[in-house]
Amino acid sequence: RMNLFSHVEIPVEDLDRAMRFYAAVFAVTFEDVVEIHGNRMAFFPFEAGAEGASGALAQGEVYVPTQHGAIIYFGVKDIDATLARALALGSQLIFPKTPISEHGFVAEITDSEGNRIALQTV
């Protein structure tokens, strides 16, 4: 058995700005920027064998940020702290923190590029 999703690419207009945003909000470090098929990409940290798909920030002609496409959910331990960091960096709150179970919450915000992304407690 295999999970259907294996990789996600988040469209960005300014890769350096997006890397700073995601690094600050999610406390992650990106490796070196790579060029693949004429596009610039920065890969999120990935651990083989761990749950979840790999992902990258992607800048190029075919990558257009939007609030109207697929919504990528980021698993976070502390949704309040993550929201606070994002809002301090200029994110807009699209969907407020809302319970989805007895202990779980979701919220939706914009990233530095205008994409709609979601936070979900794990």
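The legends below describe an overall view and several close-up views of one predicted protein model.

The model is predicted, so local features need pLDDT of at least 70 and side-chain atom pairs count only at pLDDT 80 or more, whereas totals for chains, interfaces and linings use all residues. Residues are numbered from 1 along each chain as its sequence is written, and side-chain values use heavy atoms, with hydrogens and water left out.

**Figure 1. Overall fold of the protein.** The secondary structure comprises two helices and eight strands; helices (H or I, at least four residues) and strands (E, at least two) are DSSP runs, numbered from the N terminus. Along the sequence they follow the pattern β-α-β-β-β-β-α-β-β-β. The radius of gyration is 14 Å, close to the 14 Å that the globule rule gives for 122 residues, so the protein is as compact as a globular protein of that length. This radius is taken over C-alpha atoms, and the globule rule is 2.2 Å times the number of residues to the power 0.38. Buried residues make up 34% of the 122 residues; buried means under 20% relative accessible area, exposed over 50%, and partly exposed in between (1.4 Å probe, protein chains only).

**Figure 2. The largest nonpolar core.** A nonpolar core is a set of buried Ala, Val, Leu, Ile, Met, Phe, Trp, Tyr and Cys residues joined through side-chain atoms within 4.5 Å. Of the 22 residues in the largest one, Tyr22, Phe26, Phe30, Phe44, Leu57, Phe74 and Leu119 touch the most other members. Helix 1 (15–26), strand 5 (72–76), helix 2, strand 7 (105–110) and strand 8 (116–121) each give two or more residues to this core. The largest share, seven residues, comes from helix 1.

**Figure 3. Surroundings of Phe44.** Apart from its neighbours within four places in sequence, Phe44 is in contact (heavy atoms within 4.5 Å) with Ile10, Tyr22, Val28, Phe30, Gly55, Ala56, Leu57 and Phe74.

**Figure 4. Thr82 in helix 2.** Thr82 belongs to helix 2, which spans residues 79–88. This residue is buried, with a relative accessible area of 3%. The Thr82 side chain reaches the backbone oxygen of Asp78 at 2.9 Å. Beyond its neighbours within four places in sequence, Thr82 is in contact with Val25, Phe26, Val76 and Leu119.

**Figure 5. Arg20 in helix 1.** Arg20 is found in helix 1 and is exposed, with a relative accessible area of 56%. Between Arg20 and Gly75 there are 19 Å in space, C-alpha to C-alpha, and the two are 55 residues apart in sequence.

Note on methods:
Polar contact = N/O pair within 3.5 Å; in protein donor to acceptor, adjacent residues only side chain to side chain.
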